Structures are given as structure tokens and as C-alpha cells.
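Take a look at the model first, and then we can walk through it together.

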Amino acid sequence: MESKKEFFLECYKLGIIKFGRFTLKSGIESPFYVDLRPLASDPKILKHLANYLLDMLPLDNFDLICGVPYAALPMATAMSLESYIPLIIKRKEAKDYGTKKMIEGIFTQGQNCLLVEDVITSGKSLLETIPEIENEGISVSDIVVVLDRQQGGKELLESKGYRVHTLFTISEVCGMLKEEGHLSNDEVLRISDFLQGNEVKFEDKKRLSYAQKLDVAEHSVARRLLETAIAKQTNLIASADVMTTAELLDLADKVGPHIVALKTHIDIITDFDPDSTILPLKDLAAKHNFMLMEDRKFADIGNTQELQFSYGIYKISNWADFVTSQVIGGYDSLNCFRNVGVVAILGMSSKGTLTDAAYQAEALKVAQSHPNVIGGVSQKQIPEELLLFTPGVSIAETGDGKGQQYNTPEKVFADLQTDFIIVGRGIYKADHPEAAALNYKIAGWNAYTASL
Ligand code: 5IU
């Protein structure tokens, strides 16, 4: 057999211990979580485990072997198969028909039974189990445990006269994981604090404020967005999905005072003309101090994106402050957006979107590494060095019957720590778009301050 450490590391790979922040059944916060049930799903590991446990024990003492349900049942079974010590099964509840037996299997009074348990914490559940076995006339002298959480259980049982054999202790396990680089010093300290009975204080990591993000933002577009948000006390981006120049300009003038940016889909405008659409739009952006975000969602190779960005009738590069782009074309496809900020599409708000977790993780890597990228569109939290733009926001609606899924401003700030909310129909379809924009501005700003 391999060394005990090697064996443990094999077990660890099955995900039996997780580190982080967990609320235990008792309501106490724990810095680690243990679940040994996955061990039973790897036959080789289960067999090795059985032998490690048997090696620690005075086997001649035992006539029977019994696992505490459920996690230790397969362990006890494997130990029985390896040692030829007969297995008995303890029920969790007595049968409500027939014999009302608590113990199943073949045994006689006066036999001594080895008790097998996966994890020992306070020892209380073992102290409840043992009398149920003893009540059948079976004696218990020894308990074997795979992992001792070192919270007093072993000592409690030993004080009652039982011998407790443990394969691993949590301190030993942490030591091995630290040596292998799986645990940081901080985590080890927090765990030892917890084991010494000190309540562990997890610092609630606060989101960065716009001012703090501004301190570290390098891209000029990100800086201007943050400065505008602070100056105008708004994180609202109005999505102007309207079809004529007149509607676009009318909306921009009305909502302008309340937004950081106006998001356009310029190709929706049926009467687009650079002079009569873009020039007045730029004037309104200057007048009300908002930026222009063209939601073009580029999704091609770099060369084509470059042409789409600067040529054709829209000449987006002439007027947009920032654009949205897919990152599906890879890192180099974003090089063409030199003078604007790029908001990378990481995940979508629509039902059934194909941007699954694996795609989002890869897309995020591209977004984080590319200097033109200022942030991302996502329905998940993203690393705080990127600005998060969240569409699919509505105070009144939960969906649009076409796959859109809405969340409230409160929810996206509390859950995603978003930076900017994007609202379309909630504003431009409202009877009074200006009042609706003000409403979203206030709701968004309140939700932001509440999340700080
Ligand atoms: N938009 C989304 N969800 C997304 C992405 C973009 O809604 O995941 I990427 C766009 C579509 C529309 C605006 O222009 O944001 C939201 O409009 P409504 O608030 O009207 O649903």
C-alpha cells in the first residue's frame, strides 16, 4: 500500500473535504466541510480504507462489525469482507411492522462488536447509537473512525470507557494539504482557531465602491464611466431599442440627466443618417454628460470586426465610446477596438442561452487579459477589476414572453455586485420615460449603496 499521506491525497481528490464557509446543522459557521460518502464510490479506495482501518485494530477482540448509518455502512461492509468478521446492520429507525428489531443480521448475546463511524465531531450521535446496540445484548468496546474533527468527541467517548481509534485527524489532514499547496496559511489559521473553540469570524468581503474602482481603473473609458456615475449618482444605462431617429433623440434628451450611458442598437434605426442621427445624439450626450454604448456584439474574426467597426454606413468607431463584443473570435479579435472600451459578452440573460459555465470561464480569461476590455455583460458575479454590466433588469416584470428573464435592481446589486444596470423597455416603453428613468436611477443607486 502507498503511504498514509498518499492515500489521503487520493481520497481528497474525491472531494471529501471542502474549505470555505459552511453553516453546520447547529447553525455554527465552519471553515471546512467533510463528507466521506464519495469514498464508497471508488472501490479501490474503499478497499484500501478498509485495510487501513483494520490495521489499527486488535482484531481478535471482535465477533461482529457494525457501521453507523449511512456513511459508514459501505466502510463496515468492506472491512467485513477483508477481515471475515461478520457484519450486522443497525437500522436508523425501528421497523414499524413485524419484529421492531433495531439490529439486523446474525448475532448472539454477549458478542463484542466493533463500531465503525466515518466522522466524529462531538461524539453525541455515537453516544446515542451505542446503547441501541448494547440493548440487544451486544457489547461495544472499540470504535474506529476515519476522520476526527477534533471537537471533543474522542475524549467524550474515552471518558465513558470506549477505545476510539482514528485514522486521520483534521489537523493532520490540514498539515498534509498545506504541504501540498492546497491550503493557505490563512485557511490553516482559521481552521485551528475553529478547532480551539473560537468562533470564526469570516470577513464579509465588501464590494468595491465606484470611487475605489476609479482608484485602480486604467482604461480611460472605464474611468469616465465611474466618474460620471459618481458625479451624477447613477448606475443606469438606458437601452434605446427604438426604431426612428426622432424617438432615439427624444428618449436621449428625456432620460439623459439620469443615465451614465445610452445603449444603442444603431442598426435598428430605420432612418439612420450620420448627420441627422449621430451629430444630434452626440450633442445630447455632451449636454447631459452620458456616454454612448453601441451594443453591436461583434462576433467575427479580427479583420471583419475591424471593417464592421469603422466602415459601412454606421461607422461606429466615429462616435461610440464603448461597444459590446463577443470574445468567441479569441483574444486577437479584440485588438481592433483600440480607441474604445470593450464590454465582453460573457453570459446572457435569455432563457436557454448557450453561454454555459465552461464557456463563461474561458470568455472571462480573454476579457481579463485584454487591455481593451473594460468589463463584461453577465448574469454572474465577475472579478472586481472588470466592470459588470447587467441587462435583464426590471422593477415590474419577470419576463417578456420571448425568453428575456428579469431581475430587480436590488437583486443584481446584492447577488452579483453589478456596476451598471441596463434597462430597455422598462424605460422607453413607459408612459413617461423620464420619470421611469429617474425611478430606475434611484432604485439602482439605493441598491448600490445598500450593497456597499
Ligand atoms: N441584452 C439583454 N440580455 C443580454 C444581453 C443583452 O437583455 O444578455 I448580452 C440587451 C437586449 C436589450 C437590452 O437591448 O439589453 C435589454 O432590454 P429590455 O430591458 O427591454 O429587456
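## The largest pocket

In this predicted model, the largest pocket has a volume of about 1,300 Å³. Its lining counts 39 residues, and those nearest the centre are K25, V119, T121, S125 and R149.

Which helix gives the most to this lining? That is α4, with 6 residues. At least two residues each come from β2 (29–34), β6, α4 and α7 (185–195).

## A closer look at helix α4

Helix α4 spans residues 124–134, and its buried residues are L126, T129, I130 and I133. These lie on the same side of α4 because they cover an arc of only 105° around the axis. An α-helix has 3.6 residues a turn, so residues three or four places apart point the same way.

The face turned away from the buried side of α4 carries the exposed residues K124 and E128. As for the buried residues of α4, their cover includes the strands β3 (64–67), β4 (87–90), β5 (103–104), β6 (112–120) and β7 (139–148), along with helix α5 (153–159).

## The second largest pocket

The second largest pocket has a volume of about 700 Å³. It is lined by 35 residues, with G392, Q404, Y406, G424 and R425 closest to its centre.

Here β11 (291–298), β16 (420–423), α15 (425–428) and α16 (433–450) each supply at least two lining residues. By type, the lining of the second largest pocket holds 13 nonpolar, 14 polar and 8 charged residues.

Conventions: Residues numbered from 1 in each chain as written. Predicted model: local features only at pLDDT ≥ 70, side-chain atom pairs only at ≥ 80, totals over all residues. Heavy atoms only, no water. Buried < 20%, exposed > 50% of the residue type's maximum accessible area, 1.4 Å probe, protein only. Helix = DSSP H or I, 4+ residues; strand = E, 2+ residues; numbered from the N terminus. Arc of directions from axis to C-beta. Contact = heavy atoms within 4.5 Å. 1 Å grid on protein atoms, 1.4 Å probe; cavity = no way out; pocket = protein on both sides within 12 Å on 5 of 7 lines; lining within 4 Å. Points joined across faces, edges and corners; volume = space filled by probe spheres on them. Nonpolar A, V, L, I, M, F, W, Y, C, P; charged D, E, K, R; others polar.
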